[in-house]
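Welcome! Take a look at the model first, and then read on.

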Amino acid sequence: MSGFSPAFERLGAAYAAVAAQQREVLAGVLPADGDWTTDLASGTYTKGDVTLHVALVGSFAEKDRSWLWGWANPQFGPEHPAVLNPRPMGSRLGVPEMATPELDLAWYDGPAQNGGELVALVTNGLLGLRGTIPGRYEGGVAYFAVRDPAVPGTVWDSVAAPRLITGGLSLFPADHRLTVLRFFSHHRLPYRQTETSITAKLPDGGSCVALFDDQDRLTDLSMTVSGR
């Protein structure tokens, strides 16, 4: 394997910005420093004085740069209550990465920490979870999905939106228009499309306009504040 499948790239384009924003919300809940522990028997992650309900997504091995899904890990299996199993949904959507127990990600050389971070990010977005937490261990990184209502969801932020959208495009540049549309729809913003633009109405009455070139690549994202 020398790249993600087109189906996975499309999921990434749809959810990268949404999941990245949720990750920032989660970062505001967890202490910045300190040791962490997990108890997968109870499905909890603890850092400092904060304990959250989590599920293991999978792990990234640094030696061979491979990803192992939690559901494929013989220590746990797909029926373990604290293991996330997106395989059925991935199979329905025709995403081979989610139905393959182990992924060779040695080819990845992009802006993310590793290819496993992207797998965890997309899984979080697809399943609508409250963020993923990387947990470093000797030889790799485990990724835990937060499924705890104590972590709030995201809200529209006109200041952060351009950064989140362009950051999502840097991770998954396959479909710029989809990235913008999914971010707007996630925040329930009414929008209208033309061949060269998408205009969304903002909660404060203003608007956000995304402009695209003839190859549907984002060229500009601007905000107009309401005059009310």
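How many bridges join strand β10 to β11? There are 6 of them, and the two strands, β10 (residues 207-212) and β11, run antiparallel. Please keep in mind that this is a predicted model, where local features need pLDDT of at least 70, side-chain atom pairs count only at pLDDT 80 or more, and totals for chains, interfaces and linings use all residues. Residues are numbered from 1 along each chain as its sequence is written, and side-chain values use heavy atoms, with hydrogens and water left out.

**The sheet**

- An open sheet is formed by 4 strands in the order β8-β9-β10-β11, with antiparallel pairing; two strands pair if DSSP finds at least two bridges between them.
- β8 (191-193) and β11 stand at the edges with a single partner strand each, so one side of each has no neighbour in the sheet.
- From one strand to the next, the twist averages 10°; axes are lines fitted to C-alpha atoms, for helices over the stretch in contact, and angles run from 0 to 180 degrees between N-to-C directions.
- Strand β9 (residues 197-201) is joined to β10 by 5 bridges, and T199 has V209 in β10 as its bridge partner.
- C208 is bridged to M223 in β11.
- β10 and β11 make a hairpin with 5 residues between them, and D216 in the turn has a positive phi of about 65°.
- Helices (H or I, at least four residues) and strands (E, at least two) are DSSP runs, numbered from the N terminus.

**Helices α5 and α6**

- α6 lies across β8, β9, β10 and β11, and runs at about 10° to β9.
- In helix α5 (residues 161-171), the residues A161, L164, I165, G168, L169 and L171 are buried; buried means under 20% relative accessible area, exposed over 50%, and partly exposed in between (1.4 Å probe, protein chains only).
- Seen down the axis of α5, these buried residues fall within an arc of 160°, so they line one face of the helix; the arc is that of the directions from the helix axis to the C-beta atoms.
- The cover over the buried residues of α5 includes α1 (6-29), α4 (115-127), α6 (176-186) and β11 (218-224), where contact means heavy atoms within 4.5 Å.

**The nonpolar cores**

- The largest nonpolar core has 49 residues, of which L52, W67, W69, V119 and F172 touch the most other members; such a core is a set of buried Ala, Val, Leu, Ile, Met, Phe, Trp, Tyr and Cys residues joined through side-chain atoms within 4.5 Å.
- α1 gives the largest share of this core, 8 residues.
- A second, separate core of 22 residues includes A161, V180, F184 and L189.

**Salt bridges**

- The structure holds 6 salt bridges, each a side-chain nitrogen of Lys or Arg within 4 Å of a carboxyl oxygen of Asp or Glu.
- One of them joins E62 and R136, whose closest N and O atoms are 2.5 Å apart; E62 is partly exposed at 34% relative accessibility, while R136 is exposed at 54%.
- D216 and R177 also meet in a salt bridge (3.2 Å, N to O). D216 lies in the loop between β10 and β11 and R177 in helix α6, so the pair ties together parts that are 39 residues apart in sequence.
- R177 is buried, with a relative accessible area of 10%, whereas D216 is partly exposed at 31%.
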